[in-house]
Each structure stands twice: as C-alpha cells, then as structure tokens.
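Thanks for coming, everyone. Today I will walk you through one protein model, from the whole chain down to single residues. Please keep the viewer open as I talk.

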Amino acid sequence: MIGMLVGGTASGVGKTTVTMAIMACLRKRGYVVQPFKGGPDFLDTTHHSRIAGRAARNLDTWMLSEETNRELMRTAAAGADAVVVEGMMGLFDGKDGVTGNGSSTEIAKLLKLPVVLVLDCAKSARSVAAVVLGFESFDPGLPLAGLILNRVAGRNHYRMLESAIQARCKTPIVGWLPREPQIAIPERHLGLHAAAGIDSLLDQEIDTLAKLAETHFNVDAILDLACPLDTTAPNPMPRGDRPRIRIGVARDRAFSFYYEDNLDLLRREGADIIPFSPMVDEALPPDLDGLYFGGGYPELYARELSENILMLDQIRAFVRSGGHVYAECGGLLYLSQQLSTSDGTIYPLVGIVPLSMEMTGKLVDFGYVTVTFTQDCLLGPKGTAIRGHSFHYSRIRSRAEVATSYQVEFSLSGMLQQEGFSCGNVLASYVHLHFGANPAVAQHFVSALRIKQVVTA
C-alpha cells in the first residue's frame, strides 16, 4: 500500500497544503485515499475528508495506545490504495522537550510510515541544507524518505536550494511548491477554518491542488513510498443482541469537531448516529435516546443559534423529559445560559448548564489532559480515567452552583481542574475526550441510554 506521513520542520510551513495536494493528486489518478491527521486536530481533518472523499481519522500516540493506533489505521484503511497522514507541529514536537512521546516522529516509527518533510524556503537558500542535515541526524531511526520545498520564489531559487541540499544531504527532493496565494486558506486560532465554513474551497481549488502536485512534485517517487499495512482485518461489527439506540449528533457549520472513531465506537455498541443542525433545523429528529454536541465555532453563528427558538425549546424539553445529553467545548457554550462574543454582544442560548460564557482574545487551558471521574456520570463510574485535550478561546464568565464530575490534569503544567459539569442527565465539559483511549466510556454512554429506553418503554 502507498503510505506516507507528511511532516514539517515547524507549524505553519505548509504541510497542510502539501498534504492536500498529494491527496488531490492521488485521487485524480484514481487511487482510493484514506486520510489521517496526527494529534488532536479537528480542523485539518475536515479538509482531508472533503478532498479524499473518506472520513479522516486521528492518530495520536499520547492519547491512544500503540495497538489502538495500529488497529485504527488497519480498520480505516480497509479498501484504500493509499494512506496519507498529516503530522502535527514540527516533526519532533510532542508532549515534552526530551522524548518523542506524542510526536509525528513517534507515529511514523510506530506505523513504519515513510516521512515526507516540508520546509518553508521563503527566506533562505543554502541554510535550508543545514536544516535538512539536522533532521537527518537528530533521529537516525526516522524513516525520512523525501523533501518538499515550499514557498519557493521561482526556478532559480529552486536550483540554488537543490544544489545546496544535494551537496550535503542524503534525502531526495520529491517536489517543491511556488508561492501560490490562490490556494491559501484563512487561518483561525492555531489552525484552519473548518472546510464546512469556507464557501471558496470548491472543486476548482481541489483541481488546482492536484495540478500543483502534478506540475511540481515527483509523483512517481511519491507513488514508490509504501507502508507494510495489513488491512485484511474486518471491521468490528455492532453488538446485535440488544435494542438499537438513537443518538442525535449536532453536525453543521457551528458543530463539526468530532473524532470519527468516537462515533464508530458508539455505533459498535449499538447506537445509530442521527445528524441534525441546531442552526437551521426547527425540531430534533424523532425518537432520540440521547444527544451529543461536539466542538466547533458556535461563536461565529451565535445569532443563528440564539434565534432558532424552536430548536432551543426542543432541547430544553428533551432534557426535562429525562433525555441524556453529552457536550464538549463548543457544545458546552451552546448549552450554557448565554455567550458574550468578541464584539460584546450577549446571546441567550439553551440555558440548561448554569454558566455564562465569554469569548477571549487568547487561548485558554491548552494541551493534553487526563480526566478522572470524581463521581458516577453519564460516561462511566467514579474512578474511570480517560485522555483527551483542551483547546478553546473562551472562558466561564460567571457560574451558579453546579456539580462537577471530572478532575482534569494537564500534562504539561500538571495543573488540576475540577470540571465536567453535571446537571441531572446532562454532562458538559471543555475537554475533547477520545473514546479510543478507554472504549468502556462509549459502552457506558450507550448503556445509560439503553437503561433509559427500557425504563420509559
């Protein structure tokens, strides 16, 4: 199978553009491409999914065990001709400054993926060779297979870069990209806008990416990159001995941040995933047993969410009737009493979690976390531990008395935080949990809904 991990010397060097160009090129040539993203990212995956036509998955060696990562790749890549993984941050960047734990390098070595390294050459020439030489020698076990030079000023600049690298380095150049404003995607926070919110990312842009790869990459060399991946293992089948459960999942421009594997684990436990839009739908889908609100950008669509009174009333009625609700990050904002946006406008929202929220001008409580349940809750009994990450540009402005079910430990700072707001059958948190870190959480979630189903039958 064709396989590779596209890494970068740092964030912002253009590895997302390179990754998308490779995916678009392979798909145009008729290959079935399975996209992956390294690390806890929901933004790049939306672009990957659209270009590849298959749901992108997240690989993560800090949140997930080695075997879970292997199984995730095996299962997701079934039926594909190529796997393309976009790394995160710089190639060696991970949980700390000493080990490779949680880094793109660790993913590549674990899954035996050849690495294509992207370098930003906009303001350098011969010095790029020194950077390449450093990456080659830093970890001799790294399967570094090719270089792609980005933001090259032109043919003469490329020749200078090529000669410098070939004189001192062993890694071959497999392509370069010129400065190309027409493929630029506006950035938001530390990542990209979700693809669902960019009307300009049309098929024409995807064609442009494919043509860039065909024009500027050595596609034959890229097609020679391979990983020893066994995809014969069948997908685990849902448990068929119990009644099906219907979980309404908010999916629109405001709510798009989900680990696809979270949804798959819920399906495996017997849940049907029913998408709906809190922005435009006037009613919840019928016969739901639970609701799941992921993250996203509710602050960008606060007016539409606040003005959809019929949907707000439906969610409130669902909760009053004993319906279970789980929410993460953007979902927490939506379930709160109100949200103050960056321009100072205050929007009333669902109001079932007694918090008032406000947007901030900086990142708040960022990083990997370990969550331990301090009391029994919707996702598991007291003492359950699971990993996830926190990433948000908002904070709690004021709060009433509300119980918490989580102790959150931040991996970098060691800070402890009481979180996981529990209000009856509602559990809402800033933390994005990866159910693959402890699949019993998905099982407990579905079981709680199944118990409710039996009680109310």
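**From the surface inwards**

The accessible surface of the protein comes to about 18700 Å², and carbon and sulfur atoms hold 50% of it. One caution before we go on: this is a predicted model.

Now the overall build. The protein has 13 helices and 23 strands. Its radius of gyration is 23 Å, close to the 23 Å that the globule rule gives for 457 residues, so the protein is as compact as a globular protein of that length. Along its principal axes, the C-alpha trace spans about 70 × 50 × 45 Å.

What share of the residues is buried? Of the 457 residues, 56% are. Then look at the contacts with a separation of 6 or more: 74% of them come from residues 24 or more positions apart.

Let's take a helix. Find α6, residues 155-168. This helix has 14 residues, and at 1.5 Å a residue they should span 20 Å. The end C-alpha atoms are 21 Å apart, which agrees.

Which residues of α6 are buried? They are His157, Tyr158, Leu161, Ala164 and Ile165. Look down the axis of α6: these buried residues fall within an arc of 135 degrees, so they line one face of the helix. On the other side, Asn156, Gln166 and Ala167 are exposed. And what does the buried face pack against? The buried residues of α6 pack against α5 (127-138), β6 (144-152) and β7 (173-178).

Start with α3, residues 66-76. Its buried residues include Asn69, Leu72 and Met73, along with Arg74 and Ala76. Among the elements covering them are β2 (33-38), β3 (57-59), β4, α4 and α9 (260-268).

Now turn to α4. This helix is mostly covered, with six of its eight residues buried. Those buried in α4 are Ser104, Thr105, Ile107, Ala108, Leu110 and Leu111. Their cover includes α3, as well as β1 (2-8), β2, β3 and β5 (115-120).

Met89 is not a glycine, yet its phi is positive, about 50 degrees. You will find Met89 in the loop between β4 (82-86) and α4 (104-111). Its relative accessible area is 35%, so Met89 is partly exposed. The other is Cys329, again not a glycine, with a positive phi of about 55 degrees. Cys329 sits in the loop between β15 and α12 (330-335). Is Cys329 buried or exposed? At 9% relative accessibility, Cys329 counts as buried.

On to the aromatic rings. A search of the whole structure finds 19 aromatic pairs. Zoom in on one of them, Tyr326 and Phe435. The ring centres are 6.2 Å apart and the planes sit at 40 degrees, so this pair is tilted. The pair links distant parts of the chain, 109 residues apart. Tyr326 is in strand β15 (residues 324-328), while Phe435 is in the loop between β23 (432-433) and α13 (440-456). Both residues are buried.

Last stop: two single residues, for contrast. Leu312 is in helix α11, residues 309-320. Leu312 is buried, with a relative accessible area of 2%. Which residues does Leu312 touch, leaving aside neighbours within four places in sequence? Its contacts are Leu305, Ser306, Tyr334, Leu349 and Val350. Gly296 is 16 residues from Leu312 along the chain, and their C-alpha atoms are separated by 18 Å.

Then there is Val280, in the loop between β12 (271-276) and β13 (290-293). Val280 is exposed, with a relative accessible area of 59%. Met311 is 31 residues away from Val280 along the chain, and the C-alpha atoms of the two are 8.5 Å apart.

That is the tour. Thank you.

Note on methods. Residues numbered from 1 in each chain as written. Predicted model: local features only at pLDDT ≥ 70, side-chain atom pairs only at ≥ 80, totals over all residues. Heavy atoms only, no water. Helix = DSSP H or I, 4+ residues; strand = E, 2+ residues; numbered from the N terminus. Expected span 1.5 Å × (residues − 1). Buried < 20%, exposed > 50% of the residue type's maximum accessible area, 1.4 Å probe, protein only. Arc of directions from axis to C-beta. Contact = heavy atoms within 4.5 Å. Rg over C-alpha atoms; globule rule 2.2 N^0.38 Å. Areas by Shrake-Rupley, 256 points an atom, 1.4 Å probe, with all protein chains shown as cover. Phe/Tyr/Trp six-rings, centres within 6.5 Å; stacked < 30°, edge-to-face > 60°.
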